[in-house]
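Open the model in your viewer and keep the selection panel at hand.

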Amino acid sequence: MRLALLAIPAVRSALELELGRAIEYHASLPSTQDRARELAGSGAPPLVVVAEEQTDGRGTHGRSWLAPARAGLLASWLFRPAPAEPALFALLAGVAVARALDALGVTGARLKWPNDVEVGQKKVAGALAHATTDGEGGSLVLGIGVNVHQRRDDFPPDLRESATSLALAGHTVDRLPLLVRLTSELDRVADRSQRRAALDEWRRRATVLGQQVEVLREGRTAARGIARDIAEDGALIVGDERVLAGDVRLL
Ligand code: BTN
């Protein structure tokens, strides 16, 4: 599991050198996302906030992100300047997660628009992004949760059919190497010169492209039809419509 090694100052500073940013490690805190946004607001330089446990973890659309202590990788990266609009960068984060998993032996992760990573057709990771503007390129806080060690009973009953962990999918992965690889893959998708390749990789890994889908937003149908492509800004093209946010389901 090994994330706790970051509590040792010498280990943390060696890793900070490798990652090129400060690491703020917590055994427990309400939300790494809230903490990184607070640091962004006070002008902090690029860093990553990591926690073994969150007591008020945030998901997309105001949902909660739940994970037992030490079971998941829970981290939020502060990028300065913002590498992209939040919706696009959260989508690109899926590519970074999939590439990091490939490197650690979990091959073939698929991406469900907008920000979900799936292994074995179940969600194993999700991302959310928040931007701030400050007149100097602003900043972006990207939070990622990866289900690593959870057992089936660790998920609430209503999520057991749709959520999984790397362990449940048959993979033993340590969270520390995952944090390291994921950080370098995030830097790669943050690089604008790599953008086209990252979007193409998103398309290759996509679960919805070419499928008949419905996009729901706040409980209402926002679009219905064939998911044809994603736009350069991460919008899903459904029929003739562009959809920037929502939950997609295959029909
Ligand atoms: C989703 O709903 O799919 C996005 C989940 C994002 C969860 C991560 S866990 C680390 C960071 N801190 C939070 O409170 N949320 C994000």
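Start at R58: one of its polar backbone atoms is 2.6 Å from an oxygen atom of the ligand. Keep in mind throughout that this is a predicted model.

Next, select T60. A polar backbone atom of T60 lies 2.8 Å from an oxygen atom of the ligand. With the ligand selected alone, the exposed area is 420 Å², and the protein buries 98% of that.

Now show the whole shell. There are 20 residues around the ligand, and those that come nearest are S31, Q54, R58, T60 and K123. Colour the shell by residue class: six residues are nonpolar, 11 are polar and three are charged.

Which pocket holds the ligand? The ligand sits in the largest one.

The protein chain has five helices and 12 strands. Its radius of gyration is 17 Å, close to the 18 Å that the globule rule gives for 251 residues, so the chain is as compact as a globular protein of that length. Along the principal axes, the C-alpha trace spans about 55 × 45 × 30 Å.

The remaining stops concern the backbone. Select H61, which lies in the loop between strand 2 (47-54) and strand 3. H61 is not a glycine, yet its phi is positive, at about 50 degrees.

Move on to P81, in the loop between strand 3 and helix 3 (86-103). Display the peptide bond from R80 to P81: the bond is cis, and omega is near 5 degrees.

Finish at P114. Where is P114 placed? P114 is in the loop between strand 4 (110-112) and strand 5 (116-119). The peptide bond that joins W113 and P114 is cis, with omega at about 0 degrees.

How values were computed. Residues are numbered from 1 along each chain as its sequence is written. This is a predicted model: local features need pLDDT of at least 70, side-chain atom pairs count only at pLDDT 80 or more; totals for chains, interfaces and linings use all residues. Side-chain values use heavy atoms; hydrogens and water are left out. A residue is near a molecule or strand if one of its heavy atoms lies within 4 Å of it. A polar contact is a pair of N or O atoms within 3.5 Å; within protein, one must be able to donate a hydrogen and the other to accept it, and residues adjacent in sequence count only if both atoms are side-chain atoms. Accessible areas come from the Shrake-Rupley method with a 1.4 Å probe; for residues, only the protein chains shown count as cover. On a 1 Å grid over the protein atoms alone, a cavity is a set of points where a 1.4 Å probe fits but cannot get out, and a pocket is an open set with protein on both sides within 12 Å along at least five of seven lines; lining residues have an atom within 4 Å of a point. A molecule sits in a cavity or pocket if more than half of its atoms lie within 2 Å of its grid points. Ala, Val, Leu, Ile, Met, Phe, Trp, Tyr, Cys and Pro count as nonpolar, Asp, Glu, Lys and Arg as charged, and the others, Gly among them, as polar. Helices (H or I, at least four residues) and strands (E, at least two) are DSSP runs, numbered from the N terminus. The radius of gyration is taken over C-alpha atoms; the globule rule is 2.2 Å times the number of residues to the power 0.38.
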